[in-house]
Amino acid sequence: MQESRKVAYNLSLGLANQLLTIILGIVVPRLILTSYGSEINGLINTVTQIYSYIALLEAGIGLSTVQALYRTIGCGSRDDTNAVLAATNRYYKKTGFAYLFAIGIFSVVFPLVVETTLPLHTIALIIVFNGLGNVISYFFQSKYLLLLQAEGKHYVQTIMNMVINVLKNVAKIVLMAAGADVVFVQMIGMGVSLLQMIWIYTYIRKRYRWIDLSVAPDYASISQSKNVLVHQVSGLIFNNTDMILLSVVCGLKEVSVYSMYSLLIGMISTALSTVTSSFLFSLGQMFHSDRARYKRLFECYELYYMALVFSLYAIAHIFLLPFLKLYTQGVTDVNYLDPNLPFLFIASHLLSSGRSACNQAINVAGHFKLTQNRAIAESAINLIVSVIAVRYWGIYGVLFGTIAALLYRTNDIILYANKKILDRSSWITYRRWFLNMALYAAVITAGRYLFSFTALDSYVRIILWAVVCCVVVIPLFFGAVSLAEREVFATAKEVLMPLVKKLRIRKINT
């Protein structure tokens, strides 16, 4: 039940944080767009994506540390946990210095190669202020956040993020309303990083007095970090290559168009990640302690997570263009409305999110080295197709590259996880895909027909109809997959009923 409480805290606070992030994530970019124009908006998004690549300096330490901590925490060994954290701390200090050097190079080179009319010093300062926060994180807090994640206390970080997020974005809104220069707006991020450092350091000092980073580091426990890095490179390529290619080949205005679709659809992906992170710690520890129970719960995870993925993206598909039409109203320097882009963006996100359960099985099992060549192949496909296609089809071209890579790697992950880790037929996963794809097609077809007679001409109407769709569509998907796989549904009931009964008892007592 302690794990159930952690899951409940992680999920409820995570979703609340995601709702807050969505609201702020809609308001602030809109203000940037209207206050500074599409070029600045494209620049900020491009810089963010390039920093994702510079983060490769971390060399896979984060994920390999979490996997190692699943084992030490599951065994209840604080000595082993300290040894893992000591090794991670030393790696992160080296990473911090390397990251600082990379910021200097980036701030000098990028303003000279990007196609833009913006002043060089503005670009350079935006780059510097966007990167310094990560340097602070590597030196002082990253190792502690990994410990909280492995222990299932992601909700602690979520509470911190909610408070910091509000402070940061309110400050940005006030500065933009006052007509402040965009450089001053970007400086806010560095100040927020200092607050985060103080917050997390205080929490760890109070709750984890037993942590000792001076012990002998256990480098062997995170020895797969280089193999993890290969997988992270692959993930970064199909998530972040597009904007960089567009900025060089097509200009920052095209990046701004791409970023708008990516922003809105990416909110669904972030919400789904919140759901996964709320209970992944439990599956990670269970894999090492009770493999049979892990496999039973994995069936529930894959079945219902996939249904949630397809249902949410189906709803997003219906309302994306009407929302974007309102969101970009008054912005005339580039056309943001393209009826083909929702299909391409959502296809890439479905392929990425839909494979998540099988991908997590590979991660938890620690098969990073065994699958790194497959990740390299994914990266190569994405780069080759994107570089060729972007010159002919622009935004379409980079999305073709992403989808081509995902088609290969998603099928590879499904086949590998089912055969090597789960010891079952891959058809189990594929038939879930086919069922959800059929439901997805039916929902967006019905949505196109129903809303052709309804004016989605205000935010209030779009939000209200989206809520109605959620109430109808999500239970539709969950009900359909439950009927199709009643044995998995029975397992899910068995897991959830004790928690439901406890909540009922608590409600009666209060």
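At what angle do helix α14 (residues 372-393) and helix α15 (residues 395-421) pack, and how far apart are their axes?

**View 1. Packing of α14 against α15 in the predicted model.** The two helices pack at an angle of about 160°, with their axes 6 Å apart; axes are lines fitted to C-alpha atoms over the stretch in contact, and angles run from 0 to 180 degrees between N-to-C directions. Because angles over 145 degrees count as such, α14 is roughly antiparallel to α15. Helices are DSSP runs (H or I, at least four residues), numbered from the N terminus.

**View 2. Residue classes in the contact of α14 with α15.** This contact has 16 nonpolar, five polar and four charged residues. Ala, Val, Leu, Ile, Met, Phe, Trp, Tyr, Cys and Pro count as nonpolar, Asp, Glu, Lys and Arg as charged, and the others, Gly among them, as polar.

**View 3. Lining of the second largest cavity.** A cavity is a set of points on a 1 Å grid over the protein atoms alone where a 1.4 Å probe fits but cannot get out; lining residues have an atom within 4 Å of a point. The lining comprises L280, L283, Y294, F298, Y301, A357, Q360, A361 and V364. Two or more residues come from each of α10 (252-289), α11 (291-327) and α13 (356-365), and α13 gives the most, with four. By class, eight lining residues are nonpolar, one is polar and none is charged.

**Notes on the model.** Residues are numbered from 1 along each chain as its sequence is written, and side-chain values use heavy atoms, with hydrogens and water left out. In this predicted model, local features need pLDDT of at least 70 and side-chain atom pairs count only at pLDDT 80 or more, whereas totals for chains, interfaces and linings use all residues.

Note on methods:
1 Å grid on protein atoms, 1.4 Å probe; cavity = no way out; pocket = protein on both sides within 12 Å on 5 of 7 lines; lining within 4 Å. Parallel < 35°, antiparallel > 145°, perpendicular 65-115°, else oblique.
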